[in-house]
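Grab the viewer and a pencil. Below are some exercises, each with a worked solution to check against.

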Amino acid sequence: MIIILKQGAEPTEVEALQSIIRSRGLVYQPIESEGQSMLGLAGDLSGISEDDFLRSSCVERIVRVKEAYKLAGRKFHPADSVFEICGRKIGGGNFAVIAGPCSVESEEQILSVARDVKAAGAQFLRGGAFKPRTSPYAFTGLGLDGLELLKLAREKTGLPIVTEIMSAEHLAEFEADVDVVQIGARNMQNFSLLRQVGGLNKPVLLKRGLSSTLDELLLAAEHVMAGGTREVMLCERGIRTFETATRNTLDLSAVPVLKQRTHLPVIIDPSHATGYWHLVEPMALAAAACGADGLIIEVHNHPEAALCDGAQSVTPQVFRRIMIRVAKVRAAVAE
Ligand code: PEP
Ligand code: MN
């Protein structure tokens, strides 16, 4: 549903209308197009009638639309979203790189990697404190101690931290301490977690499920946005196919397809997509060439001794080279 506002509507009338919308349990997205102000409504519209809003004197008319992703889609938000997160821009031509180890393992490890990725030009530090592992006997992360080490690394380097939330029981800690909340592939359709994380009003990095379609990814983003936040970054991290030569199959065509359908930034994870460190560089370059807004790359100071995902982790030296070559590719394809 789109509410088209009268030209020159009084701001106080519009605010009163917005509070009526909220009181019906709906969310709205302000839209400005060709001098016309509108509000795009999302939520459960099944019991809502146009009359509920037509009484407001600032409303010119109401249009019902069938659009699956009202908040994430381009229809109500034609321009690329640009998020400014801790002074770093992403989206709309601004490219950002998130780098760091798969898991936070020790103070020495996270500080060393954080310093190295910062020196190479990364804008954000990644590192898992709560790790989703296929086997219950594998290393599942340092938990809240890992979060403390990430905070220390942020303090020492100034890099904002990106880390995965696995359960709503840690919402308060993530709200207090984390700059970008990651929702991992395995939780992409944990709808209650999506909505609760959206309610933190923090930037979110939403990873595509192992066997999820792009439509499902966009609807998952819609769940997060319906929770409150507008800052959702979508991450293609490889999908499961019949191919076994790589850990997953990187669906690079997801970049132009998503960019057609959504205004949200699209990030590529060549580490989980390929599973092998030597494939990370070529696929990072390909991602930069096809219009991705950023990369998330696993970097480890001793990949051979990593507690998780060592085979796909690049060394700081390789990461430096990737950063230099990605910049060259971006310059080459710039219009
Ligand atoms: C990760 O980024 O550490 C991770 C577990 O990735 P994914 O959820 O994409 O498997
Ligand atoms: Mn990993």
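Buried means under 20% relative accessible area, exposed means over 50%, and partly exposed is in between (1.4 Å probe, protein chains only). This is a predicted model, where local features need pLDDT of at least 70, side-chain atom pairs count only at pLDDT 80 or more, and totals for chains, interfaces and linings use all residues. Residues are numbered from 1 along each chain as its sequence is written, chains are lettered from A and ligands numbered from 1 in the order in which they are written, and side-chain values use heavy atoms, with hydrogens and water left out.

**Exercise 1. Find the donors of the manganese ion (ligand 2) and say whether E298 is buried or exposed.**

Step 1: Look for N, O and S atoms within 2.8 Å of the metal (3.2 Å for Na, K and Ca); water is not among the atoms, so sites may look incomplete.
Step 2: Walk along the chain and the donor spacing reads C-x169-H-x25-E-x10-D. H272 sits in helix α9 (residues 270–274) and E298 in strand β14 (residues 294–298), so this pair, 26 residues apart, links distant parts of the chain. Helices (H or I, at least four residues) and strands (E, at least two) are DSSP runs, numbered from the N terminus.
Step 3: E298 counts as buried because its relative accessibility is 0%. H272 is buried too, at 8%.

**Exercise 2. Work out what surrounds ligand 1.**

Step 1: Collect residues with a heavy atom within 4 Å of the molecule. The list includes R126, A185, K207, H272 and E298.
Step 2: Check for polar contacts, meaning pairs of N or O atoms within 3.5 Å (within protein, one must be able to donate a hydrogen and the other to accept it, and residues adjacent in sequence count only if both atoms are side-chain atoms). The side chain of R126 puts an N or O atom 2.7 Å from a ligand 1 oxygen. A polar backbone atom of A185 is 2.7 Å from an oxygen of ligand 1, and a polar side-chain atom of K207 is 2.8 Å from one.
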